[in-house]
Amino acid sequence: MDSAASEKSIIALDEWLLSPAGAYVRAFEQACLDELTADIFGYNAVQIGVPQIDALAANRMPNKWQAATRTSTSDELEIAASGKQIAVALDFAELPFASQSLDLVVLPHVLEFAAEPHQVLREVERVLIPEGQVIICGFNPASLWGVRQGLGKVTRSGYLPAAGEFISMPRMKDWLKLLNLGVTRSHFGCYAPPFRTTQWINRFAMMEGAGQKWWPYLGAVYIVHAVKRVKGMHLIGPAWNKKTSRAPQAVPATNRE
């Protein structure tokens, strides 16, 4: 997918998130992100894309930014500003942050709509400090929504916004592993069938509990939490000397006459 197509897909996603199905996704992701970010400490955190979700609302870092694309509309920047965050216009593949300067980066539905998802991840790895954390939200192709989207491409009546590629959870974990980003937690949600109205989505609300219990990996949305691991780093503790000291021994001496 080229940059122009990527930009159109991101705009389509912004509009879709305002639909009943989009509100359903936003509610799940907001609750999950609040739980994940509440206990992540540091100084600098950035959310890239999707200003309809305030991914850093529960986080207590002193410096938090909402980043949008360079060609974002003024409406998108206003949405970010309303959350009392600084709106930063940028190119996802070239983040304007110094290397090892950020403690937390959140990517809600960025990689599947990015022209170069691998480059975006490489940039995220670059700007994270050692033991810095990244949280990624994505649509799960192995779900009822993924099947509906696949059929929609054939019939030209897609359910989700047009996208270059939806990334499966195992594939996402492989990408993160190659960049020394170790996955610590993952979550799935939104098990209701792909309906377009709030009424029908609410009718299948009982599927949330059933899905978590019986088919947990088939949720329409997943969230991955990973930590940047740096090879050669070790925690340094007090250098206790475990060697036992020898007791002083008497040395025989001879007297000269």
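In this predicted model, Pro 170, Lys 177 and Leu 178 are exposed on one side of helix 6, whereas Met 169, Met 172, Trp 175 and Leu 176 of that helix, which spans residues 169-178, are buried. An α-helix has 3.6 residues a turn, so residues three or four places apart point the same way. The cover over the buried residues of helix 6 includes the elements in the table below.

| Element covering helix 6 | Residues |
|---|---|
| Helix 4 | 117-127 |
| Strand 5 | 128-139 |
| Strand 6 | 181-189 |
| Strand 7 | 221-228 |

After helix 6 comes Asn 180, with a positive phi near 60°.

Strand 5 is also one boundary of the loop that holds Ser 143, the other being helix 5, residues 144-155. Ser 143 has a relative accessible area of 5% and is therefore buried, the cut-off being under 20%. When neighbours within four places in sequence are set aside, Ser 143 is in contact with Leu 218, Gly 219 and Ala 220.

Strand 1, residues 44-48, is largely enclosed by the rest of the structure, because five of its five residues are buried. In a regular strand the side chains alternate between the two faces of the sheet. In strand 1, Asn 44, Val 46 and Ile 48 point one way and Ala 45 and Gln 47 the other way, and all are buried. Strand 1 runs parallel to strand 4, residues 102-108, and three bridges join the two; Gln 47 has Val 106 of strand 4 as its bridge partner.

Methods:
Residues numbered from 1 in each chain as written. Predicted model: local features only at pLDDT ≥ 70, side-chain atom pairs only at ≥ 80, totals over all residues. Heavy atoms only, no water. Buried < 20%, exposed > 50% of the residue type's maximum accessible area, 1.4 Å probe, protein only. Helix = DSSP H or I, 4+ residues; strand = E, 2+ residues; numbered from the N terminus. Contact = heavy atoms within 4.5 Å. Pairing = 2+ DSSP bridges.
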